[in-house]
Amino acid sequence: MDFTLPPLLTSLVDRGNGLLWGSVLIYLLIGAGLYFTVMTRGIQLRYFGHMFKLLGSSRQSNGGISSFQALSTSLAARVGTGNLAGVAVAIYFGGPGAIFWMWMTAMVGMATSFVESTLAQAYKTDHGDNTFRGGPARYIERGLGLRWLAVLFSICLIIAFGLAFNSVQANSIAQAMEQAFAIPTWAMGLVLMAVVAPIIFGGLKSIAKVAELVVPLMALLYLILALVVVGLNISDLPAAIMTIVRSAFGFEQAAGGAVGYAVSQAIMNGIQRGLFSNEAGMGSAPNAAATASTRPDHPAAQGFIQMLGVFLDTLVICTATAAIIIMAGPELMAGDENNGIQLTQMALSSHVGDWGGMFIAVAILLFAFTSVIANYSYGESNIEYLAGRRAPVAVFIYRLAVLAMIMIGSVASLGAIWNFADLSMGMMAIINLVAILLLSPVAFALFRDYEAQLKAGKEPVFDPSLFPKLVNKVDPKAWPKK
């Protein structure tokens, strides 16, 4: 049983994606990332080791949500369908060269993630239970004074994460379990609803605790298996890397005379799937970043930690999936039906035997399951922002809507859901990228303050009174005057 969009809506979605991704978003995304990289003098390279150092000292949170838990929550949303099915979709439609452009998106995206997450921390608000709320809606309203734009962003995020993205995750789980264990997609949808419901009804602390336990374990197990596959095919590794690089610039297709089209497809699919996977600049991860009690006590600290999330998601986990698929050989992509999670399953099975498909099914179950609950948490934060005093009722209705979309996604066709997710993601990203470009002087000032204190041998501490653009705009309960 498949759910498909009506023809007119399908046409509108396709046209919207063509406009956003073909003309606007790719240039804005890469341009913003390059700008942030230059203005921070290559922060992702100069402070690469510092990201790991901060992570090691981030577990204490005084009963709230720690920086490690916030990273786990954002990784729960990042590490999911995009890492297993998304990489396969990128390679199928864009060729192996799409992986190169996923890497490039992640490299510049690390600087973008730093800026948006630092801003989310600076403008976060106290929730009254040792946790905080924040994200683009808050820094758009508080920093830019544009309440209408903040509302528009929140609506786009709720549609994208609560509805479209959760449908995508449920779709991949259902397809993988059907192929590996012959479980009907509708039955898997019912199981997912039953498991997700008690977690999301438990609130953000419940979600953070689940993410902290599951995400590191599932990522480690998947990486170990990927390393085993690479080790078994180590002689093929140089050729696989050359295939990615040559395809990225059209050298593989030069003999066929289709260089321009091939390169454009590699770039578009690589950036689309890269953004879907690592979410840098989209405005999603800042919602998790804002919830954390940071150590050191400075907004930039969470910026560094969320920058690490982009690296782990795309440059580590997505690369592992790409290696599994490319080393399996091009013949696996011959059938039109193998353009998503099934391709990854078949590729791993070709390396390790039939159990490989079952392993991927279990991996996508865990990866996408945690993505569903993290995606929900982003939506809840924005529902609370929009609803104000009526938030409890609005959040309850939203929870029911999320469960319904999980069921719909489980039986939906892959293409319709991916296209809808691309459109909603693109609209969110444009609003957020414009906002963080306008607010970037604040993020740069916070970075310089953090860097100066670090070089002076001090543990960085944030004093809002030292920043003219933040005076009377930060929540004094979240950031008391030092």
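Where is the place of Arg-41? The legends below start from that residue, and the model they describe is predicted.

**Close-up 1. Arg-41 in the loop between helices H1 and H2.**
Arg-41 is placed in the loop that joins helix H1 (7-39) to helix H2 (43-46). The phi angle of Arg-41 is near 55 degrees, a positive value in a residue other than glycine. Because its relative accessibility is 46%, Arg-41 counts as partly exposed, the class that lies between the 20% limit for buried and the 50% limit for exposed.

**Close-up 2. Ala-182 in the loop between helices H8 and H9.**
The loop between H8 and helix H9 (185-200) holds Ala-182. Although Ala-182 is not a glycine, its phi is positive, at about 60 degrees. The relative accessible area of Ala-182 is 62%, so this residue is exposed; the class requires a value over 50%.

**Close-up 3. The crossing of helices H8 and H17.**
Two packed helices are described by the angle between their axes and the distance between the axes. For helix H8 (residues 147-181) and helix H17 (residues 391-410), the axes come within 7 Å and cross at roughly 35 degrees. The crossing of H8 with H17 is right-handed. On H8, the contact is made by Ile-158, Gly-162, Leu-163, Asn-166, Ser-167, Ala-170, Asn-171 and Ala-174. On H17, it is made by Tyr-398, Ala-401, Val-402, Met-405, Ile-406, Gly-409 and Ser-410. Nine of the residues in this contact are nonpolar, six are polar and none is charged.

**Close-up 4. Ala-194 of helix H9, shown with Leu-403.**
Ala-194 belongs to helix H9. In sequence, Ala-194 and Leu-403 are 209 residues apart, while their C-alpha atoms are 8.8 Å apart in space. Ala-194 counts as exposed because its relative accessibility is 53%, against a cut-off of over 50% for that class.

**Close-up 5. Helix H14 and its kink at Thr-319.**
Helix H14 covers residues 299-326, 28 residues in total. From its first C-alpha to its last, H14 reaches 40 Å, close to the 40 Å expected at 1.5 Å a residue. H14 also has a kink of about 30 degrees, centred on Thr-319. Of the 28 residues of H14, 24 are buried, so the helix is largely enclosed by the rest of the structure. Buried here means a relative accessible area under 20%.

Terms used. Residues are numbered from 1 along each chain as its sequence is written. This is a predicted model: local features need pLDDT of at least 70, side-chain atom pairs count only at pLDDT 80 or more; totals for chains, interfaces and linings use all residues. Side-chain values use heavy atoms; hydrogens and water are left out. Helices (H or I, at least four residues) and strands (E, at least two) are DSSP runs, numbered from the N terminus. The expected span of a helix is 1.5 Å times one less than its number of residues. The bend at a residue is the angle between axes fitted to the seven residues ending there and the seven starting there. Buried means under 20% relative accessible area, exposed over 50%, partly exposed in between (1.4 Å probe, protein chains only). Axes are lines fitted to C-alpha atoms, for helices over the stretch in contact, and angles run from 0 to 180 degrees between N-to-C directions. A crossing is left-handed if the near helix is turned anticlockwise from the far one by less than a right angle, and right-handed if clockwise. Contact means heavy atoms within 4.5 Å. Ala, Val, Leu, Ile, Met, Phe, Trp, Tyr, Cys and Pro count as nonpolar, Asp, Glu, Lys and Arg as charged, and the others, Gly among them, as polar.
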